[in-house]
Amino acid sequence: MIGLARVLQVEDDEHIAVVISMCLKQAGYQVVTAKDGLEGLAIALDAPPDLILLDLVLPKMDGYLVLEGLKSQHQTRHIPVIVMSAKADDESISKAYALGAAGYLTKPFTPEVLLQAVGAYLKEVTQRE
Amino acid sequence: MTHTLRQRMWYSYLILVLLLLAIAAWSILRIISLRDTVSRMISENYRSIVAADNMVAALERQDSAVLLSLIDNSSIAADIFRSSQADFLMWFSRARDNVTIPEEATILDSIRAQYDAYLLGYEQIRGTKLDRAYPSQLYIDQLYPKFTAIRQLCGRLLSVNQDNMLHSSQYFEHTANGTAKALSLAAVISIAMALVLSYYMTSLVLNPVARLTEELKSVRKFGGSVEALAPQETVNDEIQALRAEVIGIMGGLQAQLRRVQTFLSEMSDGLVVVDTEFRIVTMNRAAQEIFGLRQKPVEGIHLLELTHSERLYAEARGLMEKPGGPTFKEMWFTVPASGGTDRRRYYLVRITPLTGPDRRAEGAMLLFNEVTRLKEIDEARSKFVSIVSHEFRTPLTGIAMAAGLLARSSNDRPAKEVELLNIIREDADRLNKTVSDLLNLSRLESGRIEMHRAEEDLGQIISAVAHTFEPQARSAGVSINIEVQPALPRVWADADKLALVLTNLLTNALRYSPQGGSVTIRASTHDLQSVLVSVIDMGPGIPEEYRETIFEPFTQVPNRRTGGAGLGLAICKEIIEAHGGSIWVESESGKGSTFRFTVPIAKRGQ
């Protein structure tokens, strides 16, 4: 099941999207990438993934709005969302958690940190199921 | 010609003294004249009366002697007659020497004439005494009438003198009464004059004083200028001199006050002075502009009504209620954008309690220094730092991830490439740390980082932080010693922030420690309110000139291996000060440094 886990990343920065995708694929995940908030929300609603990695500063629709959208729809409500952001202030972090984020990764991070977080939240989902 | 008050008073007294002298002289003269009247009365009349009495006595003895000679023919009678004759003549001559009244002389002349006739008659009797019947007849016919006449004359002399004496006594009484009356009158006049003079002199001094008082009162009441009271006349009177002096002093003070008022009103900082009831005593133009109160009377308005700031009021009250406390307090104050002003304005307020000579609070002075521009610059800087940091972090994420991914598949890679990959990762990490420090410092400085304080076990925090440094210390050959006082009180602090402080201090301590050295972390109670934490290293120490500045951002001691942008200690300082503690360094060049900071002890119920 873990090997087939599907991760949706919503990330506008091309380089980061590439390295994250590469990192997760190497670890055996299936990765879908959205380049802006609107696209991310559309993909998530269309084909709900097992986990979502969400940037906050995004074109078209910012990360908070996407998060709100995800948490307002029944088919996506349960999906754990890990917010990834360069914003490391208390305000941004607590806002993200208040909107329903499962985790918060401060950029920059290393592949180890990313994989640990993704692994931990997916395991949580699996256990719940 | 005007005279000085002293002169006028002197003249007045002189008049009074002269008057009293005249009365005294006149009284003395009167008393002397009365004494003369008495002595004249005694000397003149009394002697004549005595003489008249004695003359009568002598005459009666002579008469007795004549009668005796008629009976007895012995010589005894003749002897008595002669000796009495001598007496009579002696008293007669005394009376004669003491003639004071014109009538006396005529009486004495008659007495003399009668006495001569009497003596002649006596001789006749002596010559004819052989015939018994005859001498008796002769005595009755001639001698006796003469004797009676003389006696009557003597009686007359007596009564004349007695009358004169009575007259003199009446005169004396009259004169004495007159003197008494005159003296009483003089006394009454003197008293009246003394009263008039006293009144005159009192008003001489008091009237100008009262006038001056009135003038000064009006200046005080209506706030006029003392120059308006410029002297009207030439100054040659003490009160006028005093007035000129007072006006001079007041004029000087008013001029000085006007100068001070000018300074205050021209001052760009807002100045508000409140009394102990926190009611506005005065405020300058700048302060009126700050609060939008141009042209409105502000005196008496409460500080809260003016500023709408509970915080400001609380600070001012705190300062005033502790007379021995701090001499001033600085705090931020903002005025929201409103009506006339288009933007929020920031002020640095300095509150200074005003104390009287007895050190009791008399009010407070609030100085509003506008720092809006600085604040805006500061905000722009913070924003800039935030944006820049964000822009750094995004590419850093790419670098860190890419290098990390490459390193993960490094099994089949040459060692050189692995080393290069590690350099990329470590430098990405370092750059990231610098960006974090910048962001943290910027937020700490602007007060945007909240301290999540709770009762914390400092020993635990120290152990946890020290633990994370163990691998690093081991590889550097440095030992970390922890000395925490047993039963150390809990501190009131944000554990994460304190850990950050300890992390920064330990990073520095390890960085500069020589191989084989040690780093000691010590914690003990400092005083009743705080705990002292010391981080002691055996590094090269810090030159004295840097001991203050190393806590400023971007400060580094030259010629040292550096590991950052010089932000670590600045962050420590911000965090410790936000906790109400202080941080400092003690160092001896070549013998290591000791960084110390204090953290408040948690109070029960906090």
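Two strands pair if DSSP finds at least two bridges between them; strands (E, at least two residues) and helices (H or I, at least four) are DSSP runs, numbered from the N terminus. The legends below describe a predicted model, in which local features need pLDDT of at least 70 and side-chain atom pairs count only at pLDDT 80 or more, while totals for chains, interfaces and linings use all residues. Residues are numbered from 1 along each chain as its sequence is written, chains are lettered from A in the order in which they are written, and side-chain values use heavy atoms, with hydrogens and water left out.

**Figure 1. The open sheet of chain B.** Strand S1 (residues 270-274) and strand S5 (residues 361-370) of chain B run antiparallel and are joined by 5 bridges. Within this pairing, Val273(B) has Met365(B) of S5(B) as its bridge partner. Both strands belong to an open sheet of 5 strands in chain B, with antiparallel pairing and the order S2-S1-S5-S4-S3. Strand S2 (280-283) and strand S3 (329-335) of chain B are the edge strands, each pairing on one side only. On average, neighbouring strands of the sheet are turned by 25° against each other, direction ignored. Helix H8 (residues 310-321) of chain B packs on the sheet and touches S1, S3, strand S4 (345-355) and S5 of chain B; the direction of the helix makes about 160° with that of S3(B). Axes here are lines fitted to C-alpha atoms, for helices over the stretch in contact, and angles run from 0 to 180 degrees between N-to-C directions.

**Figure 2. The interface of chain B and chain A.** In this interface, 16 residues of chain B are in contact (heavy atoms within 4.5 Å) with 22 residues of chain A. The area buried between the two chains is about 1700 Å², of which carbon and sulfur atoms give 67%; buried area is the accessible area (1.4 Å probe) that two parts lose on being put together, summed over both. Met401(B), Leu405(B) and Arg408(B) supply 36% of the area that chain B buries against chain A, more than any other three residues.

**Figure 3. The salt bridge between chain B and chain A.** A salt bridge is a side-chain nitrogen of Lys or Arg within 4 Å of a carboxyl oxygen of Asp or Glu. The rule finds 1 salt bridge across the interface of chain B and chain A, and the side chains of Arg425(B) and Glu112(A) meet in a salt bridge at 3.9 Å, N to O. Helix H9 (372-408) and helix H10 (415-445) of chain B each supply at least two residues of the side that touches chain A; the largest share, 12 residues, comes from H9(B). Arg425(B) is partly exposed, with a relative accessible area of 27%, and Glu112(A) is also partly exposed, at 33%. Buried means under 20% relative accessible area, exposed over 50%, and partly exposed in between (1.4 Å probe, protein chains only).

**Figure 4. Two salt bridges within chain B.** Glu103(B) forms a salt bridge with Arg156(B), the closest N and O atoms being 2.1 Å apart. This pair links distant parts of the chain, with Glu103(B) in helix H3 (residues 102-127) and Arg156(B) in helix H4 (residues 133-222) of chain B, 53 residues apart. Lys497(B) and Asp494(B) meet through their side chains in a salt bridge of 3.2 Å, N to O. Lys497(B) is buried at 13% relative accessible area, and Asp494(B) is buried at 3%.
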